[in-house]
Amino acid sequence: MPHHDPQLLLELLGPDAILCRRALTGESGVALPPLHDHHVHLHLIDERQLAPHGIAAAVDLGGDPVALARRPSDGFPRISYAGAFLTAAGGYPVGRPWAPDEITHEVTNASTHPGVPGGAATAVDEQAECGASVIKVALNRDAGPIFDLETLSAIVSSAHARAMPVVAHVQGEGMMRLALDAQVDALAHAPFSEWLDGASIARAHATGQLWISTLSMHDGADAERAVINLATFAATGGRVLYGTDLGNGQRPGGIQIDELRSLDAAGVRGAALIATLTDPWPLAEPPHGVSTFVPGAAPADLDAVPAWLAGATVVPTEELIHDDHA
Ligand SMILES: [Zn+2]
């Protein structure tokens with residue numbers, strides 16, 4: 001490990017990066033807080049691949065709430081989840097080959113009373129009772145019916161009454177505006193189907209909305225719009241979280257270098273890139289007892305950070321010895 005300028009380490013990797021060695025092997029490297037993928041679908045991936053490849057915590061944004069509730073709550077990666085997609089009757093992703101019936105819940109009325117069939121509060125209550133810590137809604141005008149503002153607002157207020165944020169899949173003309181009007185807390189994908197004007201992006205930032213990136217799952221014009229929209233949002237000061245939509249398409253489990261490179265290209269670089277990975281959303285705290293370990297020398301400049309991060313793995317924190325004099 002070469003000697004490092006602490007100011008450079010701070011700029012490249014943030015305030016929590018520590019030069020260290022692994023006690024068992026003596027291998028030197030850099031420790032970081034646990035890394036999160038804020039958008040995965042566990043029923044479509046081999047989750048055992050996550051921790052060996054750097055992901056200590058993952059957020060399932062659409063799965064079977066009962067199956068998720070039955071998971072052991074200890075162990076790694078730590079999983080938080082939304083439960084089912086809440087959607088309009090016949091709305092996305094009902095009937096999709098990757099979306100068995102258990103992972104969608106159709107909301108047909110704006111009732112905020114408990115136990116009303118098809119009601120907004122009933123849908124939120126069911127996910128909460130299965131241990132969900134965030135509510136997922138589908139707003140996809142390109143693929144079926146969508147909620148009206150009254151129903152979506154009722155879902156948001158029911159979730160907020162339980163101190164749960166609402167994250168939306170936003171796709172199609174006008175869907176970003178609907179999400180903003182209903183005070184949706186987060187976007188599951190940086191907006192990719194429409195160019196956002198400055199006023200919409202300023203409004204998203206002013207209301208504290210956060211965006212999960214998923215930049216690298218798109219091609220062509222969608223990819224271009226997602227990167228530019230996210231670059232503008234980030235430059236405005238918007239809160240961006242790393243997320244991959246892992247399970248959508250065939251990719252190896254773990255940290256995704258393409259996503260890191262796309263975020264970097266959108267101007268989310270160095271310590272800001274690390275911050276998108278270490279944010280514990282939707283929970284308040286990162287998982288305890290584990291750290292990220294990246295073997296070898298720390299990156300020498302901003303351009304080197306994404307490829308360097310691809311070497312990350314999850315280790316018990318107690319296994320790491322600080323190199324005080326590095
Ligand atoms: Zn997804």
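Helices (H or I, at least four residues) and strands (E, at least two) are DSSP runs, numbered from the N terminus. The model is predicted, with local features needing pLDDT of at least 70 and side-chain atom pairs counting only at pLDDT 80 or more, while totals for chains, interfaces and linings use all residues. Residues are numbered from 1 along each chain as its sequence is written, and side-chain values use heavy atoms, with hydrogens and water left out.

**Stop 1: the zinc ion**

Select the zinc ion together with His 39, His 41 and Asp 245. These residues are its protein donors, through NE2, NE2 and OD respectively, at 2.0 to 2.2 Å. Donors are N, O and S atoms within 2.8 Å of the metal (3.2 Å for Na, K and Ca); water is not among the atoms, so sites may look incomplete. Along the chain the donors follow the spacing H-x1-H-x203-D. His 39 lies in strand S3 (residues 35-40) and Asp 245 in the loop between strand S12 (239-241) and helix H8 (257-265), so this pair ties together parts 206 residues apart in sequence.

**Stop 2: the largest pocket**

On a 1 Å grid over the protein atoms alone, a pocket is an open set of points with protein on both sides within 12 Å along at least five of seven lines, a cavity is a set where a 1.4 Å probe fits but cannot get out, and lining residues have an atom within 4 Å of a point. The pocket has a volume of about 280 Å³, a volume being the space filled by probe spheres set on the points, which are joined across faces, edges and corners. Strands S8 (135-140) and S9 (166-171) each supply at least two lining residues. The lining divides into seven nonpolar, eight polar and four charged residues. Here Ala, Val, Leu, Ile, Met, Phe, Trp, Tyr, Cys and Pro count as nonpolar, Asp, Glu, Lys and Arg as charged, and the others, Gly among them, as polar.

From Tyr 92, step to Pro 93: a cis peptide bond joins the two, with omega about 0 degrees. Pro 93 lies in the loop between strand S6 (85-87) and strand S7 (104-106).

**Stop 3: the largest cavity**

Next select Trp 281 and Pro 282, which are joined by a cis peptide bond with omega about 5 degrees. Pro 282 is in the loop between H9 and strand S13 (290-295). Both residues line the largest cavity, and His 36, Arg 78 and Leu 283 are also among its lining residues. The space in this cavity is about 40 Å³. Strands S4 (55-60) and S5 (78-81) each supply at least two residues of the lining, which divides into eight nonpolar, two polar and one charged.

**Stop 4: Thr 214**

Finally, select Thr 214, in the loop between strand S11 (210-212) and helix H7 (220-235). Although Thr 214 is not a glycine, its phi is positive, at about 40 degrees. Most residues other than glycine have a negative phi, and most peptide bonds are trans.
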